[in-house]
Structures are given as structure tokens and as C-alpha cells.
Amino acid sequence: MSDRDAAFEAYFAARSDAMRGTAYLLCGDWHRAEDLVQQTFTKLYLAWRRIQRHEAMDNYTRQTLIRTFLSERRRGWFRHESVGSQPIDRAAPSAGLADERLVLLEALAKVPPRQRAVLVLRYWEDQSVEQTAALLDCSAGTVKSQAARGLATLRGLLEEERVR
């Protein structure tokens, strides 16, 4: 095994789980998240020799993951289709943290992809406005407006869920 492969393997082992969690928040499906991470790390492996600053690797990987997700959504390659119907009567909501997390994840999956990407980067990955703008290749103002719209959408969805 070459030094290049060993370094890549070590990086993959250290960061793939975190990237999988981010990918899940973006797409809401563990299988799709696995595919996004696989595509991301494949692209990263192909560019591994050209990358000079390995200390910036997390940002590069995160940017590749986000762009892969957004690119597929734009092309329409991946469409989310519901197989079953929603039950009409739901069980009484429980106050448990796990249930609240599931409701939040379900609502997050309904937020438009670009807004969702901003929310995940800003509030899950704890990136600054400037870092998020750099990762998404847009202005800081766009990040702020997308975050505000995404939070408003998320609040509306959570309010609808609470009323049910």
C-alpha cells in the first residue's frame, strides 16, 4: 500500500462517520447518505494527489458532499417517493427527546435542498456565515437569507406537526 493510499485510508476512517451524519441530515435517508458519502470520498480520492493543504481537508470534503447533494437534486437524478400512505390517526406524541428528534428530522427533510444545506452547515456543522458561504460558493447575504427562510420553513413545519 502506498503512502498516498494509507493517508487516504486513515482520513476516511477518521471522518466518514461524521460525513455520513451530515449527509443523512441533507437527504433524510441512510442509504442515500451512504451513497453521497461514497461519491464524495471517491471524488476526494481522485483529487488526493493534487490537494496541497491537508489541514483544510474537512472543508474540502464537506464542500464536495454538499455540492454532490445539490447537484443530484438539481439534475433530478434522485427523487424521493413515498411508498406507503401516512396513517390518518397518529399515536399521542410523547415528550421524549428521541421522538422530538424524529419530528425535527422529518421536518428538515421537507425544507428545500439549498436551505437545508445552509441549516445543516450553520447549525449542525457549526460553520460561520463566511465558512458556509465559501462551502456553498455564494455570498454571506445569500447564506443569511437562506438560513432565515429555512428556519421559517422549519418552524412552520414543526408548528403544523404540533397542531396535528
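Here are some questions and answers about the predicted model shown above.

User: Hello! How many helices and strands does the protein chain have?
Analyst: Happy to start there. This is a predicted model, in which local features need pLDDT of at least 70, side-chain atom pairs count only at pLDDT 80 or more, and totals for chains, interfaces and linings use all residues. Residues are numbered from 1 along each chain as its sequence is written, and side-chain values use heavy atoms, with hydrogens and water left out. Helices (H or I, at least four residues) and strands (E, at least two) are DSSP runs numbered from the N terminus, and the pattern along the chain reads α-α-α-α-α-α-α, giving seven helices and zero strands.

User: What share of the contacts with a separation of 6 or more comes from residues 24 or more positions apart?
Analyst: This value is for the protein chain, counting contacts with a separation of 6 or more. Residues 24 or more positions apart account for 66%.

User: Is α1 parallel or oblique to α5?
Analyst: Two packed helices are described by the angle between their axes and the distance between the axes. Axes are lines fitted to C-alpha atoms, for helices over the stretch in contact, and angles run from 0 to 180 degrees between N-to-C directions. Helix α1 (residues 3-27) and helix α5 (residues 113-124) pack at about 140 degrees, with their axes 9 Å apart. Angles under 35 degrees count as roughly parallel, over 145 as roughly antiparallel, 65 to 115 as roughly perpendicular and the rest as oblique, so α1 to α5 is oblique.

User: Which residues of α5 meet α1?
Analyst: On the α1 side, the contact has Thr22, Leu25, Leu26 and Cys27. By class, the contact of α1 with α5 has six nonpolar (Ala, Val, Leu, Ile, Met, Phe, Trp, Tyr, Cys and Pro), one polar (the others, Gly among them) and one charged residue (Asp, Glu, Lys and Arg). The α5 residues are Arg116, Ala117, Val120 and Trp124.

User: How many nonpolar, polar and charged residues are in the contact of α1 with α2?
Analyst: α1 packs with helix α2 (residues 30-47) at an angle of about 145 degrees, with their axes 8 Å apart. Among the α1 residues here are Phe8, Phe12 and Met19, and they face α2 residues including Leu36, Val37 and Phe41. The classes come to 14 nonpolar, one polar and six charged.

User: Is Thr40 buried or exposed?
Analyst: Thr40 lies in helix α2 and touches Thr61, Thr64, Leu65 and Thr68, not counting residues up to four places away in sequence. Buried means under 20% relative accessible area, exposed over 50%, and partly exposed in between (1.4 Å probe, protein chains only). With a relative accessible area of 1%, Thr40 is buried.

User: What is phi of Asp126?
Analyst: Most residues other than glycine have a negative phi. Asp126 is in the loop between α5 and α6 (129-136) and is exposed, with a relative accessible area of 65%. Its phi is positive, near 60 degrees.

User: Which loop holds Asp137?
Analyst: Asp137 is not a glycine, yet has a positive phi of about 55 degrees. At 61% relative accessibility, Asp137 counts as exposed. Its place is the loop between α6 and α7 (140-163).

Terms used:
Contact means heavy atoms within 4.5 Å.
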